[in-house]
Amino acid sequence: MVNRLSDDMGPSLIDPQIFDQQQLLLRCMGNLEVAERCLTRFRQRLEADVEQLQQSATVGDTGEVARLAHFMKGSAATVAATALSQKAHSLECAARDGGTEEIEFDRATREFMNEAERFIEAVARLDENS
Amino acid sequence: MRVLVVEDDWITAQVLTNALERIGYEVTVAEDGDAAYRHVRSGKYRLVVTDWEMPGMSGIELCRRIRSRRSAGYVYIILLTSYRGVENIVRGLDAGADDYLTKPFQPEELAMRMRVGVRILSLESRDLTIFALAKLAESRDSETGEHLERMREYCRILADELSIHPRYRDIVDGEFVSQIYLTSPLHDIGKVGIPDSILLKPGKLTDEEFGVMKEHAVIGGRTLESVAQHHPEASYLQMARDIALTHHERVDGSGYPYGLYGDEIPLCGRIAALADVYDALTSKRVYKAAYDHNMAKELIISERDKHFDGDVVDAFLSREEEFLAISNRFQGEALDAIMPEAQLANV
């Protein structure tokens, strides 16, 4: 397993709003192995769900978008990806309205996608530095 | 202690499991409400931490199903939710959850809320143990039926009524009501020290035998007193002692074991005295038929300020319909319990 995370409490290379690794470690009660495992699984799941979400949004399946966004909201919060969790929450709300406010739904979808990309890039930087 | 985590999100389940195991719990994960319900039905789990929104049976539905089934012991449920706001919390609690935790959880908060759950469950274990002990003591006298179940209900009603009486408002609070419900079944525990030849004698007791019989109040009182001395923090033991010792005292001083007058008898003892007598009167015994409610009521009224405290009699009169309902309910349940045998006998 790649040791991207560290229990060193020094300044992080990543904006903690994108991913707060110390927060994740605290939540895992200092267990690096569990934190690593969760981070790996989350990134894999995120990549798959972003694709799925994009397809569902394109065909206007707001129910599926809401379900995926809700799932992402919880997982992202757990791994301390705060900004992503917030964007997922906004998208979930817009999708639950049935996407009736099309501009709002599109904006929420776009912002979630951007934030997901930022998160994936940030974790990739951690991989490079490990 | 075992904990059932119900969570369809693998990541949250992992983090929860890790935290709970580090705190010292043994964790099983169920990925949906149906699987969780099967685990709960196994009887192995008394603590459940469940997600709110899951495919299939939701956490709310799981709470409702757990609460709607009869189980050997209480299941403490913590609802894990990313929903915030009072309305959602109320919805969760209304469905039967005991507590809630908002995602993302902090391990310290999780540990604290789990401790509350364990404490609640241990209180239930304590209550069941006390009642089991009382039933064991009562089991030698097979005739009393569900006397303890009825008596504690009568005590609870009387205490509840007195809690709004100006004279008792400062003494009788919710804790008093809970404690009398908990401890009144121990009132006759001293009977374990009475020989079978006297306790189970079918005919009338001689004066000497009755003297021995009366000792049950002191035996029970002293036994509970010795336990109470070792655990002064457990105030319910003091109430249990007072009830065991004084439930045969009469406010006119003609009772036993000490012939105490009026307020010298602890309030819990005065309450238990009326509850005990009402149940004895309205229950069938080998030596007498069951009195109906009105006959029992007239007798109790006639003993006002003699056997019984006048305020306790007033409390009884204010809530007599509930006494009657409990008396009828337990008789109904007893009939239900013997019906299958009766039906078999008819085949």
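Student: How many residues does the contact take from chain B and from chain A?

Tutor: In this predicted model, the contact takes 19 residues from chain B and 20 residues from chain A. The area buried between the two chains is about 1900 Å², with 61% given by carbon and sulfur atoms.

Student: Why is the pair of R96(A) and E53(B) called a salt bridge?

Tutor: The closest N and O atoms of R96(A) and E53(B) are 3.1 Å apart. The cut-off is 4 Å between a side-chain nitrogen of Lys or Arg and a carboxyl oxygen of Asp or Glu, so the pair qualifies. The count between chain B and chain A is 1 salt bridge. On the side of chain B that touches chain A, helix α1 (residues 10–23) of chain B gives the largest share, 9 residues. That side divides into 9 nonpolar, 5 polar and 5 charged residues.

Student: What makes E92(A) and K73(A) a link between parts of chain A?

Tutor: These two residues form a salt bridge, with the closest N and O atoms 2.9 Å apart. E92(A) lies in helix α4 (residues 82–96) and K73(A) in helix α3 (residues 62–78) of chain A, so the pair ties together parts that are 19 residues apart in sequence.

Student: Why is E92(A) called buried?

Tutor: Its relative accessible area is 3%.

Student: Why is R329(B) called partly exposed?

Tutor: R329(B) has a relative accessible area of 41%. E153(B), at 10%, is buried.

Student: Which class, buried or partly exposed, applies to D160(B), and which to R319(B)?

Tutor: D160(B) has a relative accessible area of 31% and is partly exposed, whereas R319(B), at 14%, counts as buried. Their side chains meet in a salt bridge at 3.0 Å, N to O.

Terms used
Residues are numbered from 1 along each chain as its sequence is written. Chains are lettered from A and ligands numbered from 1 in the order in which they are written. This is a predicted model: local features need pLDDT of at least 70, side-chain atom pairs count only at pLDDT 80 or more; totals for chains, interfaces and linings use all residues. Side-chain values use heavy atoms; hydrogens and water are left out. Contact means heavy atoms within 4.5 Å. Buried area is the accessible area (1.4 Å probe) that two parts lose on being put together, summed over both. Helices (H or I, at least four residues) and strands (E, at least two) are DSSP runs, numbered from the N terminus. Ala, Val, Leu, Ile, Met, Phe, Trp, Tyr, Cys and Pro count as nonpolar, Asp, Glu, Lys and Arg as charged, and the others, Gly among them, as polar. Buried means under 20% relative accessible area, exposed over 50%, partly exposed in between (1.4 Å probe, protein chains only).
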